[in-house]
Amino acid sequence: MNLFRSEEHLTRWLHHWHAAGDYVLPVEEWAKVFSAPTFQRRLEPDYLARAPEYLEEYRRALQAAGKSLPAPDRILSTVLFTDVVESTRHAAQVGDSEWRALVQRHDDIIRGQLQHFAGREIDRTGDGFLSAFASPARAIRCAQAIAVEMHSLGLRVRAGVHSGEFEVLGDHLGGIAVHIGARISALAGPDEVLVSQTVRDAVVGSGIAFEDRGTHELKGVPGQWQLYGVAS
Amino acid sequence: MRWLFPGQEVLVESRCLDCGGSVRLRMRDEEMLEIDPETAVGYMPSPFAASRVGSAAFN
């Protein structure tokens, strides 16, 4: 926090920034805001990694002081969810130690393919990954490459791809579009890359072929969703 | 200060970013015991500011 002798001093310093007023409070008010539990968490070693989870607490603390955070930034992007099929059964078969080693190799494969296809790792989701891409075609090709390479580990993955507008929360993505991607992935079969109609329409001309997988309800998401499996 | 120095009186002696004049705060937890000058304000840029739109991180 920066301190100024008065709002007049601050205004002079920020004379070109029209949004400045949203973040200016008398110091007594800031003291109350900083007393919110979310600021205690700044002392925890994993605070930065978990900061997006604390956003709502921060928003409430600011609201109590009569201020509000700006609406989250939104970007158009494509998410890819991958998940190991029957991971619990595999883990039980090979034992904890070997399963940990397998998961490490699984992670290495995914991160290698993300690098190759210019994807960005957003989060771990149990035995899977959430990644983001600027190009839906690259997300599909990445998913296919991951599925093939996982065979070398004796694993099979399911994958879901969805394009839409996402909220940017620090280094993470949020919003209903993330949930849609996760639901699509959950419907995919072993080695299958399942995509939304948005993705199929976006990659017309890429040479990627699809098979109709029918319309589905995605739990918690309004409407019917036409899904497609990547054929080649 | 509540989290870093619970129950202790803390003195903050700072400078105004605009004029360099003194800004002095004395506080215990979230209670302000003294603010000099009384007109002092705090400014904090949001970590979720619009400048992140189109961030290279997601492109």
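These legends walk through a few close-up views of a predicted model.

**View 1. Three strands of chain B form an open sheet.** Welcome to the sheet: its strands run in the order 1-2-3, and their pairing is antiparallel. Strand 1 (9-15) and strand 3 (31-36) of chain B are at the edges, each with a single partner strand, so one side of each has no neighbour in the sheet. From one strand to the next, the twist averages 15 degrees. As background, strands of a sheet pair through backbone hydrogen bonds, in either a parallel or an antiparallel way.

**View 2. Strand 1 meets strand 2 in chain B.** Here you can follow strand 1 alongside strand 2 (residues 22-28), an antiparallel pair joined over seven bridges. To find your place, look for B:V10, which stands opposite B:M27 of strand 2.

**View 3. B:D29 sits in the loop between strand 2 and strand 3 of chain B.** Although B:D29 is not a glycine, its phi is positive, at about 50 degrees. Its relative accessibility is 18%, and buried means under 20%, so B:D29 counts as buried.

**View 4. A cis peptide bond links B:D36 to B:P37.** The omega of this bond is near 0 degrees. B:P37 belongs to the loop between strand 3 and strand 4 (41-43) of chain B.

**View 5. Over in chain A, A:D191 lies in the loop between helix 9 (176-187) and strand 8 (193-196).** A:D191 is not a glycine, yet it has a positive phi of about 70 degrees. With a relative accessibility of 26%, A:D191 counts as partly exposed.

Technical notes:
Residues are numbered from 1 along each chain as its sequence is written. Chains are lettered from A and ligands numbered from 1 in the order in which they are written. This is a predicted model: local features need pLDDT of at least 70, side-chain atom pairs count only at pLDDT 80 or more; totals for chains, interfaces and linings use all residues. Side-chain values use heavy atoms; hydrogens and water are left out. Two strands pair if DSSP finds at least two bridges between them. Helices (H or I, at least four residues) and strands (E, at least two) are DSSP runs, numbered from the N terminus. Axes are lines fitted to C-alpha atoms, for helices over the stretch in contact, and angles run from 0 to 180 degrees between N-to-C directions. Buried means under 20% relative accessible area, exposed over 50%, partly exposed in between (1.4 Å probe, protein chains only).
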